[in-house]
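Please open the model in your viewer and keep the selection tool at hand. We will go stop by stop.

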Amino acid sequence: MNNGNIHPVLKDLLAFGCGDQRIPPAAFAVFMDLSEVRAVWDLQYQFCKALDIIYLTGRENVSDIETNIYLPLPASYTVSPAWLEKVQNSLSTKNRGLILAFKDADSTVVYYQITEGLVTPDSLEIVQERKASEERRRLLQTELWRKRSQLYEMAKHNSNSINDNEHTA
């Protein structure tokens, strides 16, 4: 391919030297969609060496103060909660939107907004322990409800016994 025929933005994206060769074309497609179709303001592209990813920043409306971070990825890219947390921490997404932009082979781009506070799900052991604790609590409540009249009578009887002892003392 002749470098003179490559779009200047794609040339810049390729020059970042991203380890995953699928990311620069995905980033270019997302850049074109955001700039030409969605008319995102102040659209810029950047490279995060620590994560080996290209990301875009821009404002959806001219009046927006904060920029969104768009993370262009090929549709086949594997995303895990731990990886997303690492991205959020590395790109300082506090008070900014993080939007995953998955580009399919047919040039379709699908956007997913990620919110702060995404956490890894609990382990199976923790989930089972929580369910067992909830079951014990439910059984205890059921038993207390079933024996409430007996407990009431016992409390009433003990209260009378205490009052009788106070009067005789």
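**Before you start.** This is a predicted model, in which local features need pLDDT of at least 70, side-chain atom pairs count only at pLDDT 80 or more, and totals for chains, interfaces and linings use all residues. Residues are numbered from 1 along each chain as its sequence is written, and side-chain values use heavy atoms, with hydrogens and water left out.

**Stop 1: helix α1.** Select residues 8-15, which form α1. Helices here are DSSP runs of H or I with at least four residues; strands are runs of E with at least two, and both are numbered from the N terminus. Now pick out Val9, Leu10 and Leu13, which are buried. Buried means under 20% relative accessible area, exposed over 50%, and partly exposed in between, using a 1.4 Å probe and protein chains only. These three cover an arc of only 95° around the axis, so they sit on the same side of α1. The arc is taken from the directions from the helix axis to the C-beta atoms.

Next, select Pro8 and Ala15. Both are exposed, on the face of α1 turned away from its buried side. What do the buried residues of α1 pack against? Show α2 (23-37), β1 (41-48) and β2 (53-59) to see these partners. Contact means heavy atoms within 4.5 Å.

Stop 2: Step to Gly17, which follows α1 and has a positive phi, near 75°. Then find Asp20, in the loop between α1 and α2. Asp20 counts as buried because its relative accessibility is 19%. Leaving aside neighbours within four places in sequence, Asp20 contacts Asp52 and Tyr77.

**Stop 3: helix α2.** Select residues 23-37. The end C-alpha atoms of α2 are 20 Å apart, which agrees with the 21 Å that its 15 residues should span at 1.5 Å a residue. That expected span is 1.5 Å times one less than the number of residues. The buried residues of α2 include Ile23, Ala26, Val30, Asp33 and Leu34. Partners of its buried residues include β3 (68-74), β4 (98-103) and β5 (109-114). Ala39 follows α2, with a positive phi near 50°.

**Stop 4: the two helices together.** Show α1 and α2. Their axes come within 9 Å and cross at roughly 145°. Axes are lines fitted to C-alpha atoms, for helices over the stretch in contact, and angles run from 0 to 180 degrees between N-to-C directions. Val9, Leu10, Leu13 and Leu14 of α1 make the contact with Pro24, Ala27, Phe28 and Phe31 of α2.
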